[in-house]
Amino acid sequence: MLVPVFTLKLNHKILPRMVALGRYDGTHPCLAAATQAGKVFIHNPHARGQRINTNRMVQSNQDSDISLLNINQGITCLTSGVLNPQLGYDCLLVGTQTNLLAYDVYNNSDLFYREVSDGANAIVLGKLGDISPPLAIIGGNCALQGFDYEGNDRFWTVTGDNVRSLALCDFDDDGKTETITALSPMYGSRFGYALANGTVGVYNKAARYWRIKSKNQAMSIHAFDLNSDGVCELITGWSNGKVDARSDRTGEVIFKDNFASSIAGLVEGDYRMDGSTQLICCSIDGEVRGYLPGGEEMKGNLMDTSAEQDLIRELSQKKQNLLLELKNYEENAKAELTTQLKEADGQRGLIPANTQLQTTLSVNLGSDSQSAHVELCISTTNDTIIRAVLIFAEGIFEGESHVVHPSVQNLSGCVRVPLTPPRDVPVDLHIKAFVGYRNSTQFHVFELTRQLPRFSMYALSSPDLATEPLSFVNCTMNERPQRIVMWLNQSFLLPEDAEFQSAPFQVCFTSLRNAGQLCIKIKPGGEISINTDDIDLAGDIIQSMASFLAIEDLQVEADFPAYFEELRKVLVKVDEHHAVNERLTADMAEHSNLIRSMLVQAEDARLLGDMKNMKTRYSELYDLNRDLINQYKIRCNNHTELLNNLKAVNQAIQRAGRLRVGKPKTQVISACRDAIRSSNFNTLFRIMRVGTASS
């Protein structure tokens with residue numbers, strides 16, 4: 001049984017997901033965590049008796065081992081690590097909604113303090129790609145930004161949505177790390193993740209090893225070799241105070257413990273300075289426990305006896321279920337040997353040996369009572385009936401599963417299930433069907449998997465009847481038309497009788513979601529034209545085709561007049577919000593100076609006994625303070641609208657990038673940012689259209 005090697009009770013609340021461990025003097029590990037009222041506390045039990053008081057950092061009155069760092073803003077993310085290799089020790093990185101602070105704890109000084117317009121929701125420190133110095137990479141409002149130790153902006157790109165968590169991982173095994181929105185790198189290309197709905201799992205590249213779902217929320221995850229087998233386990237801290245360790249390959253629980261309150265963070269380090277690395281778990285109430293990896297004498301037995309008893313009960317239940325299933329099979333086998341198939345056999349669940357379960361996917365255009373959808377038809381090959389169907393699919397059903405249980409009057413050998421995937425992504429449908437006869441009390445369970453094509457929510461339509469959208473994407477792919485036809489058959493639900501002639505040919509689709517039109521034209525010489533008013537759909541099609549055809553670099557020419565006009569309006573609003581913000585800041589500074597002057601006059605009047613003048617001045621102070629509060633509210637609303645508009649701009653850049661593949665994609669994102677920095681909107685739209693700023 002694994003027990004903590006040390007336990008600390010810190011008299012400070014800890015904000016969730018904001019815990020870091022660093023050697024801020026290069027030698028002694030110290031625990032840093034964000035606490036209430038815009039402060040960061042640093043616990044250093046190795047330097048007792050040293051009093052530290054500076055502009056930012058002060059000694060805690062409650063605990064001599066703790067120093068408090070005043071940030072004076074709401075803290076949104078926190079980490080530590082070596083940002084400047086020449087210093088040889090860690091620095092502390094603190095992010096807020098508007099700024100990033102790199103703090104040298106050892107010298108009690110700021111390394112840099114940078115404004116980040118997109119906010120800092122998540123932060124990670126490390127080396128990225130070919131950039132030699134370590135970077136502090138922050139994820140914010142649809143953007144990623146990387147700073148070196150001098151505060152220089154060395155990396156920037158856009159994302160499809162707000163970034164909530166970051167990890168550095170060598171995703172494609174090329175020896176370089178790429179930024180991914182995940183939570184914990186394991187090793188190699190393997191990483192663990194946690195979702196807001198209580199799901200925790202492990203991926204290796206794009207392949208998922210396992211996942212589990214809990215009613216509690218995963219507050220923090222960390223990779224740590226807890227059982228000393230040379231392979232890191234995924235450690236998870238939960239909102240109910242539980243900490244568990246799971247195998248990276250199977251998800252099996254090998255250790256668990258409980259805290260009195262929710263877990264705030266998980267880190268590792270040699271906190272006792274004895275040469276061994278401990279797993280350090282922190283709760284939001286300030287309780288800290290350190291665990292040493294299990295030794296050889298434990299032989300992998302890390303859980304206490306009560307946990308072992310729970311496991312024995314669980315295995316016993318599985319054993320009973322398997323014995324019951326085996327008994328049913330034996331009874332069915334005896335009945336098959338002794339008698340011919342008759343009515344009683346149907347009750348035992350006997351079905352013909354050649355019974356098969358078939359599935360078909362088709363597009364249903366809907367009716368007055370039902371909207372258009374994809375229809376999954378599940379049927380048997382003989383007179384057996386389907387009693388129930390259970391379907392598991394991510395992102396389609398609420399709760400990720402769907403059960404169809406027809407009434408006795410409606411039992412048949414065919415079940416139709418409507419599917420309406422909300423996004424254009426391929427989805428695996430895991431199907432389990434109960435097959436038997438009407439009077440059966442036992443049923444055979446058929447299991448199979450069917451993949452829903454990526455663009456299944458688009459119905460083939462006649463080019464003569466379709467209205468061609470004004471927006472388009474043109475590109476050239478040196479591929480045979482037959483390969484394009486193969487991609488069409490894999491990505492769309494096409495009728496069996498659909499035939500395509502050699503180039504040139506045109507294929508048109510209608511969206512089942514909003515009746516939008518999509519036309520794909522294949523011309524001689526490898527020229528492809530995609531007509532749609534949905535820029536997201538165009539990007540998805542380009543990415544899907546490039547992946548299927550193994551295209552590494554692809555430049556396109558694109559135009560989306562309606563979308564670009566909306567973006568132009570957003571850019572004008574951004575400028576207006578910046579102007580309003582500058583004016584409000586100047587007004588608030590002027591009011592602050594007036595308040596300072598009036599306060600001095602009011603206090604002078606009080607000391608001189610001039611009560612009438614004092615009352616007048618304090619009345620004016622009250623009015624000024626009220627105006628200042630109202631201006632602050634206006635400024636907050638203006639800032640919120642500015643962030644929303646900046647998010648729309650970043651998403652537009654990301655969408656323009658998704659219309660390209662490889663180097664052209666990277667070049668477009670970088671050129672778009674330069675155009676925005678210089679407020680050259682005409683150049684920005686030209687880059688989005690043709691991929692370059694030059695004429």
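Predicted model: local features only at pLDDT ≥ 70, side-chain atom pairs only at ≥ 80, totals over all residues.
Aspartate 244 lies in strand E23, residues 242-246. Helices (H or I, at least four residues) and strands (E, at least two) are DSSP runs, numbered from the N terminus.

Residues are numbered from 1 along each chain as its sequence is written, and side-chain values use heavy atoms, with hydrogens and water left out.

What does the side chain of aspartate 244 join in a polar contact? The partner is the side chain of tryptophan 238, at 2.9 Å. A polar contact here is a pair of N or O atoms within 3.5 Å; within protein, one must be able to donate a hydrogen and the other to accept it, and residues adjacent in sequence count only if both atoms are side-chain atoms. Beyond its neighbours within four places in sequence, aspartate 244 is in contact with Leu234, Ile235, Thr236, Trp238, Val253, Phe255 and Lys256, contact meaning heavy atoms within 4.5 Å.

I turn now to the protein as a whole. It contains 8 helices and 40 strands, and buried residues make up 46% of its 695 residues. The C-alpha atoms fill a box of roughly 110 × 70 × 55 Å along the principal axes. Of the contacts with a separation of 6 or more, 56% are between residues 24 or more positions apart.

On confidence, the average pLDDT is 86, and 91% of the residues score at least 70; pLDDT is the predictor's confidence in each residue, from 0 to 100. Over residues 178-182 pLDDT stays under 50, and the model has 25 contacts beyond four places in sequence for them. Over residues 340-347 pLDDT also stays under 50, with 15 such contacts.

E2 pairs with strand E3, residues 30-35, in the antiparallel sense over 4 bridges; two strands pair if DSSP finds at least two bridges between them. Glycine 22 has cysteine 30 in E3 as its bridge partner.

Further along, an open sheet of 4 strands has the order E7-E8-E9-E10, with antiparallel pairing. Its edge strands are E7 (75-81) and E10 (109-115), each pairing on one side only. The twist averages 15 degrees from one strand to the next, with axes being lines fitted to C-alpha atoms, for helices over the stretch in contact, and angles running from 0 to 180 degrees between N-to-C directions. E7 and strand E8, residues 91-96, are joined by 6 bridges, and threonine 79 stands opposite leucine 93 in E8.

Threonine 384 is my second residue. Where is threonine 384 found? The answer is the loop between strand E29 (373-380) and strand E30 (385-392). Threonine 384 is buried, with a relative accessible area of 1%. The side chain of threonine 384 makes a polar contact of 2.6 Å with the side chain of asparagine 382. Outside four places in sequence, threonine 384 has contacts including Ile351, Pro352, Gly413 and Tyr437.

A further open sheet has 6 strands in the order E35-E37-E38-E39-E36-E40, with antiparallel pairing. Strand E35 (458-461) and strand E40 (557-559) are its edges. Strand E38 (residues 517-522) and strand E39 (residues 527-531) run antiparallel, joined by 4 bridges, and isoleucine 522 stands opposite isoleucine 528 in E39. Helix H3 (residues 481-491) packs on this sheet, touching strand E37 (505-511), E38 and E39, and its direction makes about 15 degrees with that of E37. Helix H4 (residues 535-549) also packs on the sheet, at about 150 degrees to the direction of E39.

Finally, UniProt, in an unreviewed entry, lists residues 561-658 as "domain: BBS2 hairpin"; its positions are given in the numbering used here, feature names are shortened, and annotations may be inferred rather than shown by experiment. In the model, residues 561-658 are 97% helix and 0% strand, with the end C-alpha atoms 17 Å apart.

Note on methods
Buried < 20%, exposed > 50% of the residue type's maximum accessible area, 1.4 Å probe, protein only.
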